[in-house]
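The following note sets out numbered points on the model shown below.

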Amino acid sequence: MVLFSQKDSQPWLKPGVFVGAIVPIPIMIWRGANGELGADIVATVLNQFGYLTLIMLAATLLCTPLKIITGWNFGIRLRRMLGLFSFMYATLHFLTYLLVDQSLDITAVVEDITERNFILVGFLAFIVMIPLAITSTKKWCGVWDSAIGNACIDWLMSLGV
Ligand code: HEM
């Protein structure tokens with residue numbers, strides 16, 4: 001199916017998604033400046049960055065199945081940008097927690113990570129995202145396409161995937 005496959009047929013696609021993905025930041029600043037973030041501003045900001053991370057992550061992970069199921073290419077064109085937005089929001093979520101919520105109290109952070117399972121899961125997910133974000137640059141994409149990419153494909157095929 002050729003729907004959404006022409007690179008230049010949707011010049012608005014990437015800028016449009018970029019604006020849609022970044023706009024929660026000025027909205028949050030605006031709401032904060034107008035006292036609309038509730039009594040516990042830190043908790044609201046922390047949770048909103050958490051939900052934004054989750055939304056961007058889900059959108060990133062949907063790109064490839066969308067291509068496989070429908071043949072539409074536009075998700076593939078957006079995947080890298082969406083992935084970087086999920087990493088950006090995860091970093092803001094983590095920094096809000098580490099610097100503002102916990103005031104860089106490493107002992108309390110370690111206690112939280114070891115005692116509350118969902119924070120451990122979030123922390124592990126964030127750690128996994130770091131090398132993915134670093135290797136998503138154009139230079140690294142070339143490496144994935146060549147040596148490492150081929151080695152991964154060979155390995156997956158040897159497992160019968
Ligand atoms: C991919 C990474 C992550 C995702 C998708 C994620 C997602 C979320 C979401 C959706 C919430 C809101 C939950 C609610 O409203 O009850 C949340 C809250 C929270 N997250 Fe994350 N998170 C991630 C990483 C992290 C990391 C790295 C940390 C810290 C080490 C962390 C610490 C927290 C804390 C402390 C809360 C507030 C919990 C509370 O209300 O008591 N998260 N996260």
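**Notes on the model**

1. Gln 10 is found in the segment before α1; helices here are DSSP runs of H or I with at least four residues, strands are runs of E with at least two, and both are numbered from the N terminus. The model is a predicted one, in which local features need pLDDT of at least 70, side-chain atom pairs count only at pLDDT 80 or more, and totals for chains, interfaces and linings use all residues. Residues are numbered from 1 along each chain as its sequence is written. Gln 10 is partly exposed, with 13 other C-beta atoms within 10 Å; a residue counts as buried with 20 or more such atoms within 10 Å of its own C-beta, exposed with 12 or fewer, and partly exposed in between, the C-beta atoms being placed from the backbone. In sequence, Gln 10 and Phe 74 are 64 residues apart, while their C-alpha atoms are 8.9 Å apart in space.

2. The protein has eight helices and zero strands, and its pattern along the sequence is α-α-α-α-α-α-α-α. Of its 161 residues, 13% count as buried.

3. Two packed helices are described by the angle between their axes and the distance between the axes. Axes are lines fitted to C-alpha atoms, for helices over the stretch in contact, and angles run from 0 to 180 degrees between N-to-C directions. Angles under 35 degrees count as roughly parallel, over 145 as roughly antiparallel, 65 to 115 as roughly perpendicular and the rest as oblique.

4. The axes of α3 and α4 lie 8 Å apart, at an angle of about 160°, and the two helices are therefore roughly antiparallel. The residues of this contact of α3 with α4 divide into 20 nonpolar, eight polar and three charged. Here Ala, Val, Leu, Ile, Met, Phe, Trp, Tyr, Cys and Pro count as nonpolar, Asp, Glu, Lys and Arg as charged, and the others, Gly among them, as polar. α3 passes α4 in a left-handed crossing, meaning that the near helix is turned anticlockwise from the far one by less than a right angle, whereas clockwise would be right-handed.

5. Helix α1 (residues 13-22) also meets α4: their axes come within 10 Å and cross at roughly 30°. That makes α1 roughly parallel to α4, and their crossing is right-handed.

6. α4 and α6 pack with axes 10 Å apart at an angle of about 135°, and are therefore oblique to each other. Of the 18 residues of α6, the number buried is one, so this helix lies largely in the open.

7. The ligand is surrounded by 18 residues, of which the closest are Gly 50, Thr 53, Gly 122, Ala 125 and Phe 126; a residue is near a molecule if its C-beta atom, placed from the backbone, lies within 6 Å of it. α3 (41-70), α4 (74-101) and α6 (117-134) each supply at least two residues of this shell, and α3 gives the most, with eight. By class, the shell has 13 nonpolar, five polar and no charged residues.

8. The loop between α4 and α5 (106-115) contains Ser 103, whose phi is near 45°, a positive value in a residue other than glycine. Leu 104 lies in the loop between α4 and α5 and has a positive phi of about 60°. Most residues other than glycine have a negative phi. Ser 103 is exposed, with 8 other C-beta atoms within 10 Å, and Leu 104 is exposed, with 9.
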